Amino acid sequence: MAIIEVSGLVKRYGGVAALDGVSFSVPEGEIFGVLGPNGAGKTTAVECTAGLRRADAGRIRVLGLDPVADARRLRRSIGVQLQQAQLPENIKVWEALDLYASFYERPRDWRGLLAEWGLAHRRDARFGGLSGGERQRLFIALALVGDPKVAFLDELTTGLDPQARRDTWDLIRRVRDGGVTVVLVSHFMDEVEELCDRVAVLDRGRVVAVDTPTGLIDGAGGGHRVRFRPLTPLDDALLTALPEVIAVSRDGDQVTVTGTGDVATAVTGALARGHVLVADLRIDRRTLDDAFTALTGRSFQP
């Protein structure tokens with residue numbers, strides 16, 4: 001059941017269309033990604049969907065509600081963390097949560113959120129003294145303090161170091177596992193591929209594709225490649241019989257297998273079952289960047 005439905009969304013600034021007929025739907029329980037380079041219209045689409053910006057045309061329903069006409073009712077059931085979210089440097093962690101909780105009729109216990117998101121020991125810390133990862137945990141807690149059914153999270157990991165990014169990914173999964181449908185805006189390919197059940201790819205204000213990350217990658221054509229040197233005799237039929245394999249080719253003593261889906265696991269499993277020893281095994285996996293290039297004719301530029 002779709003709890004977010006967006007159809008024909010248009011938003012113009014002056015004579016420029018930031019969104020030009022954007023459509024997508026999000027079923028309950030998904031992490032749904034909105035992916036695209038800077039300026040693609042991602043944040044504008046989310047702001048219109050969450051009722052923070054009025055669209056010029058199109059139809060939006062979130063939990064069956066119109067974000068403009070039913071704004072007050074909708075705000076009770078959604079949480080939003082925007083890319084440019086900021087707090088006063090001197091506000092304390094507990095003060096921010098207590099303030100946000102006061103906006104809702106039936107908020108969650110913010111003291112419980114402090115413990116749940118690893119901020120209990122930073123209860124009295126000021127926002128300006130938090131690390132990047134701690135700030136993101138606080139922003140997620142603020143988005144959840146109203147006990148939402150849907151959370152909109154915009155560019156959560158921008159500026160974080162690699163470990164803090166992966167820690168934030170774990171937090172986003174926890175939000176979904178807690179029963180909240182997540183709309184995740186990102187321009188990081190690896191982030192979307194790692195987290196999202198499905199993704200809408202935006203380019204220049206239009207949706208160019210909606211699919212699973214794997215579906216987008218497979219649709220880019222060319223397939224994934226597995227390359228290796230067999231050290232014991234190999235009958236190509238062992239690999240061509242696999243449904244994931246498109247082709248097997250040889251160049252001297254090197255074998256190249258092209259396929260779709262999880263071809264690497266299928267190939268290595270077949271080699272093990274056939275007792276074929278190999279060396280120099282390499283997996284050349286196509287990426288969402290390849291998919292974006294195939295869809296738009298140009299490389300992804302964050």
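**A three-stranded sheet**

Mentor: Three strands form an open sheet in the order β2-β1-β4, with antiparallel pairing. Strands are DSSP runs of E with at least two residues, helices are runs of H or I with at least four, and both are numbered from the N terminus. Two strands pair if DSSP finds at least two bridges between them.
Trainee: Which strands stand at the edges?
Mentor: These are β2 (16–27) and β4 (57–62); each has a single partner strand, so one side of each is left without a neighbour in the sheet. From one strand to the next, the twist averages 15°.
Trainee: What should I know about the source?
Mentor: This is a predicted model, in which local features need pLDDT of at least 70 and side-chain atom pairs count only at pLDDT 80 or more, while totals for chains, interfaces and linings use all residues. Residues are numbered from 1 along each chain as its sequence is written, and side-chain values use heavy atoms, leaving out hydrogens and water.
Trainee: Over how many bridges do β1 and β4 pair?
Mentor: Strand β1 (residues 2–13) pairs with β4 over five bridges, in the antiparallel sense. Opposite S7 stands R59 in β4.
Trainee: And what about the whole protein; how many helices and strands does the protein have?
Mentor: There are 11 helices and 13 strands. The C-alpha trace spans about 70 × 50 × 35 Å along its principal axes.
Trainee: How much of the protein counts as buried?
Mentor: Of its 302 residues, 45% count as buried, meaning under 20% relative accessible area with a 1.4 Å probe, protein chains only.

Key
Axes are lines fitted to C-alpha atoms, for helices over the stretch in contact, and angles run from 0 to 180 degrees between N-to-C directions. Buried means under 20% relative accessible area, exposed over 50%, partly exposed in between (1.4 Å probe, protein chains only).
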